[in-house]
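This report describes selected features of one protein model. Please examine the sequence and the structure before reading on.

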Amino acid sequence: MNLTELNRIATAMVAPGKGILAADESSGTIKKRFDAIGVESTETNRRDYREMLFRSKDAMSQYISGVILYDETIWQDAKDGTPLVKLIEQSGAIPGIKVDEGTQALPMCPGELVTIGLDKLAERLKKYYERGARFAKWRAVIDIGSGIPSMTAISVNAHALARYAALCQAAQIVPIVEPEVLMDGDHDIERCHEVTSRVLNKTFQELRVQRVALEGMVLKPNMAISGKKCAKQASVEEVAEKTIRMLKACVPAAVPGIAFLSGGQSDEEATAHLNAMHKLGPLPWGLTFSYGRALQAAPQKAWSGKAENVAAGQSAFSHRARMNGLASKGEWQSSLEKKAA
Ligand code: 5MM
């Protein structure tokens, strides 16, 4: 393992002003997104949509540091025959790959999930590296509810995240470690803060046990935030303050960067929260976005599966990428959104 190189890539993934595009929706998830805009989820439509994003010059060259791909996408070629991975590289961004294989019910723990995909992972990573992937992603899902999460769910998911991360580093691939505590439910921000802290502490404990080099990874956490159905929604300032307090307590400074998931927040909320956190600096790690929905909802709507809307889709994507790029430096203002509208 060349840790200097892993650290160089991890640092580039969280460079100030840039963040990660999570375009790794599995076939089931992208179908849901396409259903919402009335587009059939065929292999060609998925390719055309993602090609539109990766050919968005402004966004990709200025505000996107890396793209997380799904297995299907990493092997696909653009309409003109150029591999999609090459399009990403040519824009200056780093290609990455989702390597988990989704979740399964966790035995003995009703309502809880464990992420799978460790079997033959070393072989798969080798092929992905040869294709150009320089980082990977694995997402663990932790739900908050009555009596959950159990310590069992937190523990087995942290163990799998660390097994995955160690395999990635051995294959010279930077692991994005994503333990997502869902924002579904009516819990308040305090409960999210408490559960996420437990999950992060356990995850870093496992990473250490399994000898993962913290300097060669990126953390992708949720923010400390109110549950979607909670009657009392925390303010932007409170989310920023609690999230930074939580991360400072749980994430070692050796980690080069933290890139948030958006988790169902609105586009503008996700941007405002990241921006507000940068007002609380200096911070010990790079802090940016790795958004899926909060970067793609607008371009999906603008595109709606029509070739004549490609320019509109790209401009919607570039706008969100720019807004989040500014937020990653604490330079975003809501008036910039209004001006663009
Ligand atoms: C883009 O969505 C990713 C894939 O999810 P599925 O495996 O369920 O299709 C997801 O892992 C994503 O990378 C993160 O959760 C962040 O996405 P959001 O939309 O929460 O920012």
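In which strand is the place of Val141? Val141 lies in strand S6 (residues 135–142), where strands are DSSP runs (E) of at least two residues, numbered from the N terminus. The model is predicted: local features need pLDDT of at least 70, side-chain atom pairs count only at pLDDT 80 or more, and totals for chains, interfaces and linings use all residues. Residues are numbered from 1 along each chain as its sequence is written, and side-chain values use heavy atoms, leaving out hydrogens and water.

Val141 counts as buried because its relative accessibility is 10%; buried means under 20% relative accessible area, with a 1.4 Å probe and protein chains only. Leaving aside neighbours within four places in sequence, Val141 is in contact (heavy atoms within 4.5 Å) with Thr103, Leu113, Thr115, Asn157, Glu180 and Leu182.

## Nonpolar cores

A nonpolar core is a set of buried Ala, Val, Leu, Ile, Met, Phe, Trp, Tyr and Cys residues joined through side-chain atoms within 4.5 Å. The largest one has 97 residues, and Phe54, Ile64 and Tyr164 have the most contacts inside it. A second, separate core of 6 residues includes Ile142, Ile154, Val181 and Val195.

## Helices H8 and H9

Helices are DSSP runs (H or I) of at least four residues. Residues of H8 that meet H9 include Met151, Ile154 and Ser155, while Arg198 and Val199 are among their partners in H9. The residues of this contact divide into 8 nonpolar, 3 polar and 3 charged; Ala, Val, Leu, Ile, Met, Phe, Trp, Tyr, Cys and Pro count as nonpolar, Asp, Glu, Lys and Arg as charged, and the others, Gly among them, as polar.

Conventions: Buried means under 20% relative accessible area, exposed over 50%, partly exposed in between (1.4 Å probe, protein chains only).
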